[in-house]
Amino acid sequence: RPPAPRGGSRRRAGGGAAARANAEERAVRGPILGRPRDGSGKMELVRSWLGVPADGAVETLSVMCAHCNAKLTPTQLDYDCVRARLPDELNRAFAPLERDDATNAFLMRSSRRPYVVNWGASVACSYLRKRMSLTDANAILGRGKMHVLSRAHVEDLLGRKRASNGGGGGDAGCGGGGGGGVLLDVGAGEGEVTEKLRDGGCFDAVVATEVSPPMVKRLKDKRFDCVIGAADVSGVFDAARNENVKRLSPDGFDAIALLNVLDRCDTPFTLLSQLRGMLRPGVGRLLLAVVIPFRPFVEDGNSNRPPRERLPLPSDGGWEDGVSKLWSLVLKPAGFKIERLARVPYISEGDQKHGAYVLDDAIFVLSPASGDDDDAS
């Protein structure tokens, strides 16, 4: 299926995580020294072997959609949408982000490693996946890193900016956009995205949770204020209080991030309800990222299974339809009010075959709805 132009709404079809797994397996079976990713000449092949891409190579980078196996370039990654297809409530909240330098740098990560290094990591991952989940295997190998939002994106979404030191560069602390407080990142992975959330949101402290033991180890290496290895969030606030996390309000967290976790947890609606109750009244915000279309599963050892709670969402269709149903059937009934909506590619580090793999993300900034909000809607 040919990819849609930038700003369009690609329809995703195919096997989701299974498609990504199949792509990895095909990559492993390929030759150690294969053709360059873009099918070009000998010099590009040499650059691919050495991990020394040409200047401007990001614009022609091979990017694979992990849902439909469409081959894209970064210029075709969607940040906008067909706004006329959104209900008024979401249309008013939608404001597009842009592909920035930090996103481009992430897209080029795997291309800056020698071909044989990427190939060896793929082989090792396939071997480990026979015994453990993909998440655990990636954590052990330090591969498969993800990019959702840059620091600048977080500043834009949350309205929290750091003041600069004039012409001297660097940061001088939180600026007029506000800041401070405590961030809870649920399902933080290895913590690279968490660092961007902390810096972009200008938070004083970070509490991070994660289920995967190898990922928990990586989180602890980053020395966040409190790291909790658990799937259940019911005891997170007490654990943070017991760790004497600085600036923790007795009323709850100033912000909670739930990035691409809703489709990988057992009880997504219950989790949303729990997190709503953990937000600080009046100021707390939930930063939510969800892949569209919604195709949930839960990792269980080296296999996957359906979640115990099923959300009434379509597993196919366009971004606008998926987002509208997610809002009307799940998020609004869960007691949230929408503050901001955006669309970004959810990018996974590439391998020796493709520079990156992508899915289509919806980004919501939500606050707890009051009775007045419900009446007004």
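I started with the largest cavity, which has a volume of about 40 Å³. My cavity search ran on a 1 Å grid over the protein atoms alone; a cavity is a set of points where a 1.4 Å probe fits but cannot get out, and lining residues have an atom within 4 Å of a point. Points are joined across faces, edges and corners, and a volume is the space filled by probe spheres set on them.

The model is predicted, so I note that local features need pLDDT of at least 70, side-chain atom pairs count only at pLDDT 80 or more, and totals for chains, interfaces and linings use all residues. Residues are numbered from 1 along each chain as its sequence is written, and side-chain values use heavy atoms, without hydrogens and water.

I counted 2 cavities of 30 Å³ or more.

I listed the lining of the largest cavity: Val 290, Ile 292, Pro 293, Phe 294, Leu 313, Pro 314, Gly 322 and Leu 326. I sorted these into 7 nonpolar, 1 polar and no charged. Ala, Val, Leu, Ile, Met, Phe, Trp, Tyr, Cys and Pro count as nonpolar, Asp, Glu, Lys and Arg as charged, the others, Gly among them, as polar.

Next I took the second largest cavity, about 30 Å³. Its lining includes Leu 158, Phe 203 and Leu 287. I found 8 nonpolar residues there, no polar and no charged. Strand 9 (residues 255-259) gives the most, 3 residues. Strands are DSSP runs of E, at least two residues; helices are runs of H or I, at least four; both are numbered from the N terminus.

Last, I checked Gly 317. It sits in the loop between strand 12 (303-305) and helix 12 (319-331). Its C-alpha is 6.6 Å from that of Pro 293, 24 residues apart in sequence.

Key
On a 1 Å grid over the protein atoms alone, a cavity is a set of points where a 1.4 Å probe fits but cannot get out, and a pocket is an open set with protein on both sides within 12 Å along at least five of seven lines; lining residues have an atom within 4 Å of a point.
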